[in-house]
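Have the picture handy as you read.

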Amino acid sequence: MTATAIAAPAARRRAASLSRDRRWALFVSYAFLILFAIFFLLPPYYMIVTSLKSDGEVARMATNPWIIADGVTLDQYKLLFTQSDFLVFFKNTAIVTVCVVAITMVVSILAAFRSAA
């Protein structure tokens, strides 16, 4: 037997070991990604569920806060759009955002052009 024939099984065992380690690291990575996704998606889910509940169900607090027990209602959205200045505030926010992004882009492009020259 040659040295190459003896070394080949050892190399295969090492490759299999690395593959097992990578698989374990991948599993741990995905587990943490799932935990972080749940952690970051719970507040938006809670806000949406609460916005679809009736006033009585929100005030009652005896029900489960994570589910809608009495049925979906859009009354909160009707109040938001008809009895508040939400659309005015949203328009003002959109105008400020567009202006800030435009100014930032102009300054960034000019700074990049200056540093490249």
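In which helix is the place of Glu57? Glu57 sits in helix α2, which covers residues 55–60. Keep in mind that this is a predicted model. Side chains of opposite charge can pair when their charged atoms come close.

**Glu57: no salt bridge**

- Glu57 is buried, yet it has no salt bridge.
- Glu57 does have a polar atom in its side chain that lies 2.7 Å from the backbone nitrogen of Ala69.
- Leaving out residues up to four places away in sequence, Glu57 touches Thr63, Ile67, Ile68, Ala69, Asp70 and Gly71.

**The pairs that do form**

- How many salt bridges does the count come to? The count comes to two salt bridges.
- One of them joins the side chains of Arg60 and Asp70, at 2.6 Å from N to O. This pair links distant parts of the chain: Arg60 belongs to helix α2, while Asp70, ten residues apart from it, is in the loop between α2 and α3.
- Arg60 counts as partly exposed, because its relative accessibility is 42%.
- Asp75 and Lys78 also meet in a salt bridge through their side chains, at 3.8 Å from N to O. Both are in helix α3, three residues apart, so about one helical turn separates them.
- Asp75 has a relative accessibility of 39%, so it counts as partly exposed too.

Technical notes:
Residues numbered from 1 in each chain as written. Predicted model: local features only at pLDDT ≥ 70, side-chain atom pairs only at ≥ 80, totals over all residues. Heavy atoms only, no water. Helix = DSSP H or I, 4+ residues; strand = E, 2+ residues; numbered from the N terminus. Buried < 20%, exposed > 50% of the residue type's maximum accessible area, 1.4 Å probe, protein only. Lys, Arg positive; Asp, Glu negative; His and termini not counted. Salt bridge = Lys/Arg side-chain N within 4 Å of Asp/Glu carboxyl O. Polar contact = N/O pair within 3.5 Å; in protein donor to acceptor, adjacent residues only side chain to side chain. Contact = heavy atoms within 4.5 Å.
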